Amino acid sequence: MAIPEDVLVQILQWLPVVSLLRFKCVSKSWYALITHQNFTEKHLLHNLSTPNNNSARYLAHRRDKTTGDYVVSSLSYEPLQVLPPTQQPLPPPYSGIDKKVEVFVVGSCNGVVCLYDNYDLNIVLWNPATKETKVVPKSTLPRFPAFFQASTNGIGFGFDARTNDYKIIKLLSLTDPDPKLSYFEIDFIDQNEVYSLSTNSWRKVDNPPCIIFDGFKGMKAYAKGIASWWGLCGWESILSFDMSNEAFLATPLPNERIIGSKSENWREFFVLNEKVALAVGVLNEDQLEIGFDVWLLNEYGVKESWAKLFTCGPFPGIRKPLAFWKNEIALFLESSDGRLVVYDSSTKQMSGLQIDGEPLSLQVITYVETLVSVKGGNGFENQDTLAWMP
């Protein structure tokens, strides 16, 4: 007796990506169902709505101490453990790259990971579950003056829910390359460009009057379709970009008299409870251990909406926080020698995860396995061929 089509869809959307990729070979009808955009969206929504299932992961990205290659490891959400294979290389063109090249994870959204390097300036979209990759074409937009050199101040990646499209935002600085000019004589011109996966093209967007700190390494936080960077927008701020509205908004940080200056107390940013979180590093009296004051931004654009949540530490041998696990209960940290450790505030215990890399190369990002394609186009091919789908 044949399984009703709506029941079959309900069953299949519970399965992991690896099983669905195998099941495409069962029959033409199964292949059509599993590769259809409608099913991809249903499977994605199911995985996002059940965050404790096997599809919910973290990716730990770092540079291997021995080989110098960039690798990633997958960690299950609960229980928190490293999944086999314990590490895998990045996809081309980043597998076996020269050691002078640094590769950063810009961000992850709906199972798609955005990678960027600071040497060849490649941008790569990658779905680790399906192994599908796409090298994003370089922008051909005119830049004026044409002889000015372009450098990346900030880069972000996210999803526009309004148009069902994935976008990349690059914040560029154009400078006069004349070596005779002093720093104070150099002209700086900002130009920001947005890439759309659906059109596979770049276009210009308005410029924010901001200086971005470490933005070329990727976003500091991404939540609900809004990418954020740490910047100076007349005052120390979080600069945010709405992927749907394609508009920028700056939010001042809490007053320096409370959190200290950036030269005294380093800042780290990540997502907590789907909001931007700020961790201010504070050294203890002997300058050997660091603790963190954690703040949460409750409303973009409103300085007064920053709220201090808690203080953790000081910790010995810790360099910086990376991400939260189980929201406020546990925190991923990077040790001074590049190891990934987790601090559980409920037990006051620190434990290692057998993941390490070159110091300052470690990134931890949330990730969910999906069938989302990075090929582009509209991604909605054959929408009319499966009208029977629920």
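## Disulfide and salt bridges

C210 and C233 are joined by a disulfide, with an S to S distance of 1.9 Å, where a disulfide is defined as a pair of cysteine sulfur atoms within 2.5 Å. This is a predicted model, in which local features need pLDDT of at least 70 and side-chain atom pairs count only at pLDDT 80 or more, whereas totals for chains, interfaces and linings use all residues. Residues are numbered from 1 along each chain as its sequence is written, and side-chain values use heavy atoms, with hydrogens and water left out.

By the disulfide rule the count comes to 1. The link of C210 and C233 is right-handed, with 120 degrees about the S-S bond. The pair connects distant parts of the chain, 23 residues apart, since C210 sits in the loop between β12 and β13 (211-212) and C233 in the loop between β15 (226-232) and β16; strands here are DSSP runs (E, at least two residues), numbered from the N terminus. Both C210 and C233 are buried, where buried means under 20% relative accessible area, exposed over 50%, and partly exposed in between (1.4 Å probe, protein chains only).

C25, in turn, is exposed, with a relative accessible area of 69%. C114 is in no disulfide, and the nearest cysteine sulfur, that of C109, is 11 Å away; C114 counts as buried, at 0% relative accessibility.

Side chains of opposite charge can pair when their charged atoms come close. A salt bridge is taken as a side-chain nitrogen of Lys or Arg within 4 Å of a carboxyl oxygen of Asp or Glu, and by this rule the count comes to 9 salt bridges.

| Salt bridge | N to O distance |
|---|---|
| K65 and D356 | 3.7 Å |
| R203 and E246 | 2.5 Å |
| D337 and R339 | 3.2 Å |

K65 is partly exposed at 40% relative accessibility, and D356 is partly exposed at 35%.

R203 is partly exposed, with a relative accessible area of 36%, whereas E246 is buried, at 19%. R203 and E246 also belong to a network of salt bridges that links them with D160 and K167.

Terms used. Helix = DSSP H or I, 4+ residues; strand = E, 2+ residues; numbered from the N terminus.
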